[in-house]
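Okay, thanks for coming, everyone. Let me put the model up and then walk you through it.

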Amino acid sequence: MNFIMAWRNIWRHPRRSILTIAAIVFATMLLVFMLSWQFGAYDTMIDATVKIHTGHIQIQAQGYQDQRDMRKVVPDPNEIERILTSLRGVKSYTFRAEDFSLVSSENRTYGVLVIGIDPQKEPSVSTLEDMIRRGRFLEAGDRRSALAGEILADNLNSPVGGDLVLLGQGRDGSIAATVLTIKGIFNTGQDEFDRTMIHIPLEYFQELYNMRGAVHMAVVLCDSLTAVPAVKERIAGALSGIDSSLAVLDWKELNPGLVQAIQMDLVSGFIFYLILIIVVAFSIMNTFLMAVFERTREFGVMMSMGMGPGRLMGLLLMESLGITLIGVVIGTIAGAAVTWYFQIHGMVIPGAEEVARQFGLPERMFPQLSFLSIAVGAGIVLILTVLSALYPAFKVKGLKPVEALSAV
Amino acid sequence: MILKLAWRNIWRNRRRTAVILTAIVIGLWAMVFLSALMRGIADRMVKNAISTMTGHIKIYHAGYRNDPVIENRIENPGEIKNILQSLPAVRQFTSRIRVNAVAANARHSGGVTLVGIHPGREAGISFTGDAVTEGEYLKDEESQGILVGRALLEKYETRIGHKLVLMSRDASGEIASRAFRIRGIYDAELESTERQFVFVNLAAAQEMLGVNGDVTEFSLLIDDYEEAAAVAASVGRRFDGDDLAVYSWKELLPLVVAVLKMYDGFILFWFAAVFIAIAFGLVNTILMAVFERIREFGLMRALGMKPSFVVAEVSAESFFLLFIGTVAGNLLGAASVAALSQRGIDLSAFAKGIEFAGMSRIIFPVLELGDILTADAAVLVLGMAVGLYPAIRAARFSPVEAMVHM
Amino acid sequence: MTIVECRNVKKIYRQGEVSVTALDGVDLSIVKGDFMALAGPSGSGKTTLLNMIGGLDSPDGGSILLNGQALEKMKPSQLADMRLHQVGFVFQSYNLIPVLSAVENVEFVMLLQGMPLQERRRKALAILDDVGLAGKYGRRPAELSGGQQQRVAVARAIVGAPAIVLADEPTANLDSASGKDLLKLMQEMNESKKVTFIFSTHDKMVMEYARRLTLIRDGRIVEDRRK
Ligand SMILES: Nc1ncnc2c1ncn2[C@@H]1O[C@H](COP(=O)(O)OP(=O)(O)O)[C@@H](O)[C@H]1O
Ligand SMILES: [Mg+2]
């Protein structure tokens, strides 16, 4: 009966309750949508960064990550390969070696990062192959061949088929010099990559830079992002008996900027949402407050009948909770529906394409509806709204029966 | 009379008025403060980008922008200098040589941007003037010294006084190489800046590249950077016949402009969201106030009061609430901006993240009149518009309805 | 058997400088089965006294025993519990809960007492039949006349089997025919169900119905007699 009473009390002022519910629906919808949007963008960003570049996990020599010293190597990739092939949760892996060198075309010279990749394994880890815009990807047996970023190729005035003179320093300090032919030109969308990188076959890199069979990193892709910590632990465990000079780094350690940028975006997003919901909460607090003041006399009657202050508060909270729940449920469903629509059709934020591209995001973006975005969105609204109902409900607690009865 | 009535009516239920005012004030405060914060971030981003070797306006050889090599240089800097000096719109300018180079020491090598500068003129234009935190700034007549960023120094594991070799193609297409001594270390907003730019004397760069007095760019400051496009166009007309191109910072920094545009959109979105949140509360509160006085309105009508009077009275109540809330919200917003404008908000905890996002380490919120006016106007005008609903509802109470209702 | 025992009960209302002595040393004892009118002019202290006896308000002096327990020593939650089981109220302005139907209003007390649904419903319907509202169970207060509402209020007051029912000017808002009907109903309940009633009034006609008439003036009992 308490429940029936609460329900009927909610609809005593339908207009008022509907407005209040609408405010809650609005807040919930907005939050579910925005959070799905944020989480979707993070997933895409992480995925893009991982796939273009770093992979989920890398095995490197200790200290290589910070110093990029070409003498800090993974000396025996075959051994690593033996470990990785048998490890659960490892989807694919490849090896890379890299160093900075000067690259010249007929009349242009640029300093670039030369990366040695395994033409067969690389496509299973990164999307580089899909980003070839002209020419072709590297093939097994290729030797003096290179893939160049589009901006770099433009800067060098070198088309596919053009020759590049490479000048660098080998692992032992010897001069590394050769002539490479551009076989393909890639465009990742991220200017930083497209301006500063060329890729050559790993075997040839090892020969050219006198690597003596060593590489700089093993790049691992796991079955999923959530599997990363477990796989990392397994790799570290397997390595610990063999070579203590190696470090296992996950994508967070490999991309600290990305991780912090996401954290920052989350924090600032939450500040925005919190403020917004506080405004909503104050707006609806009035409804709850009125529900209490208008019915003071009624409460007096109930108290005279022996209803304790605790039960009275319970009744009021049940009413507020009812309104809140109706709003949150409708808001969640509507928010999920809107999000779902954009998840299928995508959405272009006008003016944001250029910015998005630089963060590895596609022009058309897709929010990602998840249990987390729904639960967090609905949860925040629910908690803050219920909190705003507490004040009016507590007012009732201090009510004296006689005063309540004499209220108009 | 209407105003007096409305004013008294809103204070009839103080608690209710206080609650809705709180909502409006928090809303307005959030609009003002958070937009100031975003403008602050954007402002720093723009200033930072401008001071990082861009300036408000740049003059290049026509081919340099797409192909930034020493061949595409300006061969008559003296003439340009004379013309620029004669232009009142140009407050300050300097010339530079800027080319891609390789920097190497015994341990490392990597790509950098070699910038040859007039130390004196440069100081007032780019960030270099007060960024040197260790060692000293370049002197005018010195040909050996080089300034490097702290991040570069750490990467190369070197220190002040040590040698750094720079290599680049010279005017004849040969690789020129020259050793410099690290004279000073600068700190910049972004680590990527510290890793990218190394500074030497213009004369030393000219000598190294064999260009004998030529430069690759002029960088100009004008009085109001918002006017850059117009000034760039008028400067451009002075050099019509020459093989030169003049760009404003907006053309040179498309990414920054894109971010600014995104922020504009975001601020509007934020305003809309907060306004909607306020609107629900406002309509509900006024509606409650109106229904509570249903008898009164019925009576007014029975006494022959015109409906328009009732609409005006109720609208005046909305107006008072909105007006008080807006004024208080603005003051509170301005006060919080003022409180933070001395020390700023330190985001060092997210150092890597702000680097990633291209933001600066400390944010100083910036009040923009345009934003405040937009927020205020939106809340007042739209608020009055939604307030019409309860007002019209009140005007429709007939004496009979009023009696039945109680 | 004594149900209520008032000993030298005092109540003084203070409003800033002015203080009004509403009850000025009331001694009164009410025994089971009493059908008592508390009569006196407006402002004489009737409502104040009834509120004290019902534990809605606390005295500034003296003591009130209800079923042997001193009310002034009880905590608010104990008082609420006491009211729930020992006291029924009937107010001048009916004061039914507007969102509940007649039968639900009556059930409400038993709900608070923790009675199971079936029993609650059965008792509520039975008592509504007793007060002459058969067939009007589902009506909301707004759909009942004043006399009918007050009958529901009486049903509500007695359904929890209280030791005493306090009715503060129950007929004041009713026309004289409905008022008489209500008094007859109360009389009947007093006789058949042995419910103890105190009702306040300043109406001569109402006093006629009482078996015990207690006159109050300026916060003092000036006369107390049984017919
Ligand atoms: N809450 C109060 N504050 C101040 N004075 C009161 C209050 N309630 C009652 N009184 C005063 O106490 C006296 C008794 O009131 P009351 O018990 O209501 O009388 P009755 O019910 O007989 O009309 C009156 O003089 C009245 O003005
Ligand atoms: Mg009275």
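So, 54% of the 406 residues in chain B count as buried, where buried is under 20% relative accessible area, exposed is over 50% and partly exposed is in between, with a 1.4 Å probe and protein chains only. Quick ground rules: this is a predicted model, so local features need pLDDT of at least 70 and side-chain atom pairs count only at pLDDT 80 or more, while totals for chains, interfaces and linings use all residues. Residues are numbered from 1 along each chain as its sequence is written, chains are lettered from A and ligands numbered from 1 in the order they are written, and side-chain values use heavy atoms, leaving out hydrogens and water.

Staying with chain B, we've got 15 helices and twelve strands; those are DSSP runs, H or I of at least four residues for helices and E of at least two for strands, numbered from the N terminus. Its radius of gyration is 31 Å, well over the 22 Å from the globule rule for 406 residues, so chain B is more spread out than a compact globule. That radius is over C-alpha atoms, and the rule is 2.2 Å times the number of residues to the power 0.38. Along the principal axes, the C-alpha atoms of chain B fill a box of roughly 100 × 50 × 30 Å.

Now, who touches whom? Contact here means heavy atoms within 4.5 Å. Two pairs of chains touch, and chains A and B have the most contacts. Chains B and C don't touch, with their nearest C-alpha atoms 11 Å apart.
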